[in-house]
Amino acid sequence: MRSLPSIIHLDMDAFFAAVEQAAKPSLRGKPVIVGGLGGRGVVSTASYEARKFGVHSAMPMAQARRLCPNAAFLTGRFEAYRAVSELVMGLLRELSPLVQPLSLDEAFVDLEAGPYGPALAQADHGTGERLVLALAEDLRADIHRRTGLTASVGAAGSKLMAKIASEQAKPDGLVLVEPGQERAVLGPMPVRALPGVGPATEQVLRRAGLNTVADLAEAGESELVQLLGKAHGAGVHQMSTGQDDRPVVADQDAKSVSVEDTFEVDLADRDRVLREVDVLAARCVRRLRAAGRSGRTVVLKVRRFDFSTLTRSETLRGPTDEEAVIVETARRLASQVDITGGVRLLGVGVSQLADYTQEDLFAQAVREEAGEPEATEGEAEEDEGPGTGAPAVRHWMPGQDVRHAEFGPGWVQGSGVGRVTVRFETPWSGPGRVRTFAVEDPALEPARPLPLRGDGAADGDGPADGASAAG
């Protein structure tokens with residue numbers, strides 16, 4: 001444990017939704033919900049305006065629409081999110097070579113390993129804390145100047161406490177936990193505040209009368225080991241006392257992305273198992289996309305009633321982050337498993353990770369079978385229909401970047417019955433005008449995302465390339 005709070009954790013505020021608001025002036029200050037817009041879609045990120053209505057990530061999109069019907073519901077633009085993430089991570093690496101990204105919008109930084117390390121090593125306690133606070137505030141200001149987005153930062157003597165501090169700082173804040181104050185900060189928190197304590201572990205602890213982190217610390221390691229097992233129990237107790245000596249590992253390259261759930265009652269119904277697999281696969285895809293990765297192998301993990309564990313896997317033709325493909329593959333693997341006697345745990349993962357995806361004809365087939373549009377985010381199909389000689393109908397997704405030959409850059413507000421509605425504005429303009437076109441209008445084209453700031457736009461002077469919103 002460090003004597004100075006020289007580890008910081010940065011977490012961008014409502015990242016996907018915030019990028020959309022920064023890119024679309026007409027949505028600033030309004031509820032924005034990003035996620036899957038199909039029948040089984042879930043919320044990836046909700047803006048703080050939408051969260052006031054009870055909308056949160058991982059919520060079914062149908063429920064979000066009921067809670068906040070007037071929100072802007074947008075499909076994800078991961079090219080735009082990755083571009084902003086690369087800019088933010090670049091700013092972090094100016095502070096230290098030891099930057100450990102956890103996802104597109106979240107990372108740990110070890111300040112002692114950077115150019116300010118010698119100053120921190122020589123500083124007394126008060127001076128060192130003031131330097132850390134100044135560096136963190138400058139970082140937040142630089143991020144806002146370069147992107148228009150806000151970030152929350154936690155500073156502490158360990159990764160555990162830095163992450164706890166950044167949660168307390170949200171939104172758009174900075175919290176420093178002084179070394180030695182870990183137990184005082186953690187004590188009143190619910191047990192779910194600790195990493196690795198999910199719904200199933202929380203239920204076990206609650207049944208034992210352990211509701212706060214202070215309760216865990218007082219219970220002692222031996223009791224937690226009895227309740228949770230040797231490794232998990234010892235780890236939870238160590239965290240409850242604020243102990244964490246994990247180093248910041250630069251550019252840690254995960255070998256897989258996975259999620260799993262343990263059930264209160266063993267699942268014996270095949271349809272229920274498949275529904276749970278659908279949910280887990282969708283969660284896995286969200287994590288995969290948040291990390292900016294794709295994967296080639298889908299893995300299903302099943303722990304049966306007798307605690308025997310088996311895995312099944314299927315390797316695809318190329319890396320993908322298509323939810324439809326991963327869900328379909330996971331369901332196929334689950335259909336091959338004998339669930340006689342019941343299933344107590346299910347998990348879905350993706351391995352053989354890559355930083356890119358390949359065109360996946362299977363993904364198109366799955367979407368067609370489900371009656372979903374063929375076009376993926378940022379694309380519109382213009383190929384001729386088979387044997388007809390006529391262009392196929394193009395599909396436009398809400399939030400998608402487009403450019404019109406006459407009116408310039410804009411984004412899709414919605415489409416249906418052969419029409420598409422576009423709002424023409426840029427990140428540097430005011431709210432733009434709305435116009436409607438036929439979906440096959442040849443003057444309307446898919447476009448690449450615009451940067452949130454140009455060289456002059458950072459100071460409010462407009463885009464660097466001279467682009468402007470039409471109308």
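**Figure 1. Glu314, a partly exposed residue with a relative accessible area of 24%, is shown in a predicted model.** The side chains of Glu314 and Arg332 meet in a salt bridge, with 2.8 Å from N to O. Because Arg332 belongs to helix H14 (residues 323–335) and Glu314 to strand S11 (residues 309–320), this pair ties together parts of the chain that are 18 residues apart in sequence. Arg332 also counts as partly exposed, since its relative accessibility is 29%.

**Figure 2. Arg77 forms a salt bridge with Asp401.** The closest N and O atoms of Arg77 and Asp401 are 2.6 Å apart. Arg77 lies in the loop between S4 and helix H4 (78–95), while Asp401 lies in strand S13, so the pair ties together parts that are 324 residues apart in sequence. Arg77 and Asp401 are both buried.

**Figure 3. Arg2 and Asp110 are joined by a salt bridge.** In this pair the closest N and O atoms are 2.8 Å apart. Arg2 is partly exposed, with a relative accessible area of 21%, whereas Asp110 counts as buried at 6% relative accessibility. When the whole structure is searched, 22 salt bridges are found. As a general point, side chains of opposite charge can pair when their charged atoms come close.

**Figure 4. Phe424 takes part in aromatic pairs with Phe407 and with Phe437.** A search of the whole structure finds eight aromatic pairs. One of them is formed by Phe407 and Phe424 and is tilted, with 5.5 Å from centre to centre and 45° between the planes. This pair links distant parts of the chain, for Phe407 is in the loop between strand S13 (401–404) and strand S14 (408–416) and Phe424 is in strand S15 (residues 419–424), 17 residues apart. Phe407 counts as buried at 14% relative accessibility, and Phe424 counts as buried at 0%. Phe424 and Phe437 form an edge-to-face pair, with 5.9 Å from centre to centre and 90° between the planes. Because Phe424 lies in strand S15 and Phe437 in strand S16 (residues 433–438), the pair ties together parts that are 13 residues apart in sequence. Phe437 is buried too, with a relative accessible area of 8%.

**Figure 5. Strand S2 (residues 32–35) has buried residues pointing both ways.** Val32 and Val34 point one way from the strand, Ile33 and Gly35 point the other way, and all of these are buried. In a regular strand, the side chains alternate between the two faces of the sheet. S2 pairs in the parallel sense with strand S4 (residues 72–74) over three bridges, and Ile33 stands opposite Phe73 in S4. S2 and strand S3 (residues 43–46) run antiparallel and are joined by three bridges, with Gly35 standing opposite Val43 in S3.

Figure 6. Arg51 lies over the face of Tyr48, 4.4 Å from the ring centre. Phe15, Phe16, Phe78 and Tyr81 form one aromatic cluster.

Technical notes
Residues numbered from 1 in each chain as written. Predicted model: local features only at pLDDT ≥ 70, side-chain atom pairs only at ≥ 80, totals over all residues. Heavy atoms only, no water. Phe/Tyr/Trp six-rings, centres within 6.5 Å; stacked < 30°, edge-to-face > 60°. Helix = DSSP H or I, 4+ residues; strand = E, 2+ residues; numbered from the N terminus. Buried < 20%, exposed > 50% of the residue type's maximum accessible area, 1.4 Å probe, protein only. Lys NZ or Arg CZ within 6 Å of the ring centre and 35° of its normal. Pairing = 2+ DSSP bridges. Salt bridge = Lys/Arg side-chain N within 4 Å of Asp/Glu carboxyl O.
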